[in-house]
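Here is a friendly briefing to read alongside your model. Take a moment with the sequence and the fold, then carry on below.

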Amino acid sequence: MPRHRFDQSLNRGFTVVELLMGLAVSGVVALVASGLFKAGLLTFHYAVRQNHALTAGRKALAGDGSRHGMVWMSQGAASVAGLDASSLAVSPPGALSTTFHVHGEGLYRSQLDVPVMHAEGVSAVALHYYNLDDGGRIVASTAPASASLVTALVSVHGKSPRRKTYHFFSGARLRNHP
């Protein structure tokens, strides 16, 4: 007789309570997994936006390897002219004059009046030049061509629905001055 009970318990299946408990556990596991997936997706999109902003700022300030950026060109320039809140004209020694200007949502670099996109997402550029006075204090320069220090502030719009703006600041001593 014990053998008959054993065979009967193998053939009976799940009860309604066991089935409902299984569904409830599966639902909780699915809910946790979807939350983790959503958090991972949000983190990925955030990282992509941050990377875009950092890349655009680096390109504007330092360049991208094959093309030099504003600060690098300003450091070695023989002269600097046309400076305002959204453009910069530099004349490196032995090279063509280069103009950087902000137009729309990008920073453009022009040589021989041919504009080429240098960095996308750039909304503003502010360059300031400084000299050292006789007492060794840093003072603002009104003549960029005679300045010995340069600072650059670049504003970059992120690629998100909220269009967050990131600001990058850099400075350097100009190479063509003692």
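In which strand is serine 110 found? Serine 110 is found in strand 4, residues 106-111; helices (H or I, at least four residues) and strands (E, at least two) are DSSP runs numbered from the N terminus. This is a predicted model, where local features need pLDDT of at least 70, side-chain atom pairs count only at pLDDT 80 or more, and totals for chains, interfaces and linings use all residues. Residues are numbered from 1 along each chain as its sequence is written, and side-chain values use heavy atoms, leaving out hydrogens and water.

**Serine 110**
- Serine 110 is buried, at 11% relative accessible area (buried is under 20%, exposed over 50%, partly exposed in between, with a 1.4 Å probe and protein chains only).
- Not counting residues up to four places away in sequence, serine 110 touches Ser97, Thr98, Thr99, His101 and Pro115 (contact means heavy atoms within 4.5 Å).

- Leucine 112 sits in the loop between strand 4 and strand 5 (114-120) and is exposed, at 67% relative accessibility.
- Although leucine 112 is not a glycine, its phi is positive, about 55°.
- Aspartate 113 is in the loop between strand 4 and strand 5, counts as exposed at 78% relative accessibility, and has a positive phi near 60°.

- Four strands form an open sheet in the order 7-6-8-9, with antiparallel pairing (two strands pair if DSSP finds at least two bridges between them).
- Strand 7 (138-140) and strand 9 (165-173) are the edge strands, each pairing on one side only.
- Strand 6 (residues 122-132) and strand 7 run antiparallel and are joined by three bridges.
- Leucine 132 has isoleucine 138, in strand 7, as its bridge partner.
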